Amino acid sequence: MKTIITTLLTLIATWCCLAQDVQEPSIIDIGLTPEFIDFSLDDRYMVAEGEGWYSVWNMETQTNVLDGDYNFKLGRFVTDLSIPEGSGYFLFGHEDVFMTVDYQHNHTEMKGFSLKTGAQLWESTDLDVGVNIAESIILAHSGDLLDVEVAGARLSGAQKANNFFTKDRFLDRLIHYIPEKNAIAMTGKNGLQLVDIRNGNTLWTQSNFKGGIGEVIIDEVKNQLYVITVPLTDGALDELTTIPSVIAFQVDTGEQLWEVEYTGKFVPDYASLLGNTLVLPYLELTLIDTESGIERDGDVKSRVSSLRHVSKGLSGLVAMDKALGGNFGQSSSSSKYNRLIPRQLHFNTQGKLCYFTKFNKDGKWGTGQKKGFMVIDIHQDLIELEAYAILDNQWTVLQDDLDAGIFYVKARGNMNRTLITALDANTGKVLFETEKAKNSSDISKAFNPFMIHGDYIIDIVSKGVYVFDKKTGQKISYVSTKDLGIGTVNFSDFYENGLLLFGTKGLGVMDFKGDIVARVASKKIQDVVITPKDLLVLEAKAFKRVSMQDGQLLEDVPFKNREHIAFSRTGKILVKYHQDQVEIYKY
């Protein structure tokens, strides 16, 4: 390999002067000029990638663990739904395994390596991730594409919780990690397969399985695997002939136990398993008894039956229209609430589901002009409480939340106004409504959420941030984006001590009391990390560091030609790389 040596004296001097608590940089030889550098979630490993190659390094010892070549171009950034071939990797922190995947049509090569020794553990060409299902799966998960575009290194909740990592969005959709079994589930030409990532052994294959995997849920108590299926492709024939369902398998043997159909458009990370009930909220609710494998037959099923019949009829019309080249019924969003935030169902302290939906005076869901609140015993399929006509038809629900016995609903109405309505979760009584907030006309494209923190409701709208008392709805403060100097809010995110606001003119940081902590002018943000001391902002052509203590700009370093910076998710490691040199800085 080529030895890489180039000095960045200006950058080194600037960094050392402004960040005295940073160790002197160390230099490692990668061997080739990397296009991307990423870090494992615990900062233990660094992965450098170039066109056709990868190099993995231990950051604690700063030694090379392994090097290798890809068969195809990197598939980590998907810009089209048609993906003929690509290469990528998974890093599994719990098992200390680095797995590479080279995929092409109906042929896949996978290799597993030890992150402790660098030795190859296994290799398989028998597995197949099923490239032909890419369109359906990626489209189903398209709700979080905005996250990636705003801040490229954002990670899924599953990755954070289970300490595994990949930057290839295509592979992240098709390969499902099951940490409880040290295994991955995938579907391809041989059916559904469960593979031990420590040795590459296929634990079992279900050759009768057809369709794509939308999501996998494991029930450790019953030792069962629930696979939520989606059509193989987004094509008209598959949509006409495929009936989406949830299928239960015995984890150790792969034996199919039962199958239940569901209606509606699959939404990732939205299903919930509580005790013996699996809740699928894709078209209102489907409540499945996981003991018998039968949908519970009670209030919910009866109230949603008419809506399901209509939905199935429309789905058939849409599929036939698509076969003829039309676009009837197509939507840019698969989400119930057309939102770009983590989806969840809310259960009170008694384990009862608090649910907000549209229904008429007769209780039929999905029809009428009013929206209301219900408390549901999901194990009995029994509606215990019903509060009708809380919101009129002009209001479109965007988000809901439950905190300390209060159920909050954010909705959008005429003239792009939004408000939050608070209900007593035990009685359904309206406690208060916040003042109506004005939003820009593009609010539906990138909905900005609210959250409950301490005694406050923090509500983000396109033109500013409100802070309300969570018990009374009284406005405590409001900060306009004009005051922040970041333009209209396009996207927002919460961190441990406050929130990030991505605007058309820059990035702002606020605490939960509504006070401005820091701001930075920027239009092409590629990555952001907040540490207790600093805000690190990576732009297309510059790196900026802002103090989280006083908001002062500590660094504003423009990049030279082919110069790059990357930092870990914790912000404790920063690397600068330019042609023949990789410099490592540690806090």
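Asp459 counts as buried, because its relative accessibility is 2% and buried means under 20% relative accessible area, with exposed over 50% and partly exposed in between (1.4 Å probe, protein chains only). This is a predicted model, in which local features need pLDDT of at least 70 and side-chain atom pairs count only at pLDDT 80 or more, while totals for chains, interfaces and linings use all residues. Residues are numbered from 1 along each chain as its sequence is written, and side-chain values use heavy atoms, with hydrogens and water left out.

Stay with Asp459. It lies in strand 32, residues 456-461. Strands (E, at least two residues) and helices (H or I, at least four) are DSSP runs, numbered from the N terminus. The side chain of Asp459 makes a polar contact of 2.6 Å with the side chain of Lys410. A polar contact is a pair of N or O atoms within 3.5 Å; within protein, one must be able to donate a hydrogen and the other to accept it, and residues adjacent in sequence count only if both atoms are side-chain atoms. Not counting residues up to four places away in sequence, Asp459 touches Lys410, Ile420, Pro449, Phe450, Gly464, Val465, Tyr466 and Phe468. Contact here means heavy atoms within 4.5 Å.

A search of the whole structure finds 15 aromatic pairs. Rings of Phe, Tyr and Trp (its six-membered ring) pair if their centres lie within 6.5 Å; planes under 30 degrees apart count as stacked, over 60 as edge-to-face and the rest as tilted. Phe90 and Phe92 form a stacked pair, 5.7 Å centre to centre with 10° between the planes. Phe90 is buried at 1% relative accessibility, and Phe92 is buried at 0%. The pair of Tyr466 and Phe468 is stacked because the ring centres are 5.4 Å apart and the planes stand at 5°. Both Tyr466 and Phe468 are buried. Tyr54, Tyr70, Tyr89 and Phe98 form one aromatic cluster.

Next, a hairpin. Strand 4 (residues 53-58) and strand 5 (residues 63-69) pair in the antiparallel sense over six bridges. Two strands pair if DSSP finds at least two bridges between them. Val56 has Leu66 in strand 5 as its bridge partner. Four residues lie between the strands of this hairpin, and Gln62 takes a positive phi near 55°.

Axes are lines fitted to C-alpha atoms, for helices over the stretch in contact, and angles run from 0 to 180 degrees between N-to-C directions.

Within this sheet, strand 17 (residues 245-250) runs antiparallel to strand 18, joined by five bridges. Val246 stands opposite Val260 in strand 18. Ser245 also lies in strand 17. Its relative accessibility is 1%, so Ser245 counts as buried. A polar contact of 2.7 Å joins the side chains of Ser245 and Glu259. Beyond four places in sequence, Ser245 touches residues including Val227, Ile228, Val260 and Tyr262.

Where do the nonpolar residues gather? In soluble globular proteins, nonpolar side chains tend to be buried together. A nonpolar core is a set of buried Ala, Val, Leu, Ile, Met, Phe, Trp, Tyr and Cys residues joined through side-chain atoms within 4.5 Å. The largest core has 31 residues, of which Ile228, Val246, Leu280, Tyr282, Leu285, Trp365 and Ile376 touch the most other members. Elements that give two or more residues to this core include strand 16 (224-230), strand 17, strand 18 and helix 7 (299-323). Leaving aside neighbours within four places in sequence, Tyr282 is in contact with residues including Glu215, Ile228, Tyr262 and Phe266. Another core, of 17 residues, lies apart from the largest one; Cys354, Val375, Ala387 and Trp395 are among its members.

A further open sheet of four strands has the order 1-45-44-43, again with antiparallel pairing. Its edge strands are strand 1 (26-28) and strand 43 (563-567), each pairing on one side only. The twist averages 25° from one strand to the next. Strand 43 and strand 44 (residues 573-578) run antiparallel, joined by five bridges. Glu563 stands opposite His578 in strand 44.
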